[in-house]
Amino acid sequence: MSGHSTEGVEPNLTPILDMVFQLITFFMLVINFKGAALDLSLQLPVLGSARPLEYAGSMEPLLLNINVQGQVKSYGKSVEVDTFVPHEARLVRMHLKALGTPLGDADELPIPVIIRADKTTNFEHIIRIIRLCQAHGYRQIALSAMNRIEEKQR
Amino acid sequence: MSRRRHKKKPAEEVQLNLAAMLDMAFQLLAFFILTFRPTPIEGHFQMHLPLAVPMTNVEMSPDSSTGGGGGSAFVETLDIMVPGDDNGQATSVTVGRQAVVLGRLTPSSLQQLDRHLRSIFGLQAIPFDRIQIHADKRLHYEELLKIVDICMKQKMPDGKPMRQISFVEMGGTE
């Protein structure tokens, strides 16, 4: 009888490493950090005619999530909208001034406001926020809704 | 000079230790899996909101909104009233002074509203350039969007889609 080899058995890790790298590549490609700005607990109304946002500016749109009680969330945190919107508007004006394109106080801000509200949110909450945005120079307002396709997938 | 004899070493196979790399790769994978949240497919009703105006320029006669052509030529804002009930549902829709929808918003009543608005916007003599929606403060966002959806389907005389929509709280002051 021949003697057994005492060398340790090493599994070939190359295929598993290949697979793991492919999975990492997949997740890196599909990851969307903008999703963090959305409050996924809100139930948006379903309207098939809603279209993707037409905005090609370099600055991010102002996204406001409004729940049934009228509370506003941004990036998962409740914000005091009466101070949040003016602050954001001021930042945009400062940014544009730094870029050499200052705006006057009465000028329209070139950034849309995206309003994501629960489908049962009362109009009084929405109009309050719209008025606030208008008062600080925002004129482009986008009201969010789900597409029917997404509803079917759920 | 003495010749050195080089002893030939046996060809050893160089093996990389892949375990460390695999550990790191698994950690990255775990991070991506845990933070992965597929974003919902959302659409938007994008509009340009002018500041609301008082209802002083509404000069429409009741029959002008039915396509009779009796409206004044200087009317620019089309007012739509949407009262609601305690459940947040719309109870009727009035365009100008004419009640177009009586009762809840159903697909057929929305089609009726759409037809009515098309007939108004088809009149070249009434150059509406904006719509003002007067909604009940209890009206739900879903009901509001149904009206907005119909409004945004309208085309102005120059063929451009209606984007100038403003909102007013019914009974409120602007």
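Visitor: Where is the place of Ser109(B)?

Guide: This is a predicted model, and in it Ser109(B) belongs to helix H2 of chain B, the helix that covers residues 107-121.

Visitor: Is Ser109(B) buried or exposed there?

Guide: Ser109(B) counts as buried, because its relative accessible area is 7% and the cut-off for that label is under 20%.

Visitor: And what does the side chain of Ser109(B) reach?

Guide: The side chain of Ser109(B) comes to 2.7 Å from the backbone nitrogen of Thr106(B). Leaving aside residues up to four places away in sequence, Ser109(B) also touches Val101(B) and Arg104(B).

Visitor: Changing topic to the strands, how do E3 and E4 of chain B run?

Guide: Strand E3(B), residues 92-95, and strand E4(B), residues 98-102, run antiparallel and are joined by four bridges, with Ser92(B) having Leu102(B) as its bridge partner in E4(B). The two strands form a hairpin with two residues between them, and in that turn Gly96(B) has a positive phi of about 65°.

Visitor: OK, now the other chain: how many residues does the contact take from chain B and from chain A?

Guide: The contact takes 54 residues from chain A and 45 from chain B. In chain B, the residues that lose the most area to chain A are His44(B), Gln46(B) and Tyr141(B), which together make up 16% of what that side buries.

Visitor: What area is buried between chain B and chain A?

Guide: About 4,700 Å² is buried between the two chains, and carbon and sulfur atoms give 66% of that area.

Visitor: How many salt bridges are counted between chain B and chain A?

Guide: The count is one salt bridge, formed by Arg116(A) with Glu42(B), whose closest N and O atoms lie 2.6 Å apart. Across the interface there are also 20 residue pairs in polar contact, with both residues at pLDDT 80 or more.

Visitor: Which element gives the largest share of chain B's side?

Guide: Helix H1(B) does, with 11 residues, and the elements that each supply at least two residues to that side are H1 (18-35), strand E1 (42-48), helix H3 (141-152) and strand E6 (165-169) of chain B. By residue type, the side of chain B that touches chain A divides into 26 nonpolar, nine polar and 10 charged residues.

Methods
Residues are numbered from 1 along each chain as its sequence is written. Chains are lettered from A and ligands numbered from 1 in the order in which they are written. This is a predicted model: local features need pLDDT of at least 70, side-chain atom pairs count only at pLDDT 80 or more; totals for chains, interfaces and linings use all residues. Side-chain values use heavy atoms; hydrogens and water are left out. Two strands pair if DSSP finds at least two bridges between them. Buried means under 20% relative accessible area, exposed over 50%, partly exposed in between (1.4 Å probe, protein chains only). A polar contact is a pair of N or O atoms within 3.5 Å; within protein, one must be able to donate a hydrogen and the other to accept it, and residues adjacent in sequence count only if both atoms are side-chain atoms. Contact means heavy atoms within 4.5 Å. Buried area is the accessible area (1.4 Å probe) that two parts lose on being put together, summed over both. A salt bridge is a side-chain nitrogen of Lys or Arg within 4 Å of a carboxyl oxygen of Asp or Glu. Ala, Val, Leu, Ile, Met, Phe, Trp, Tyr, Cys and Pro count as nonpolar, Asp, Glu, Lys and Arg as charged, and the others, Gly among them, as polar.
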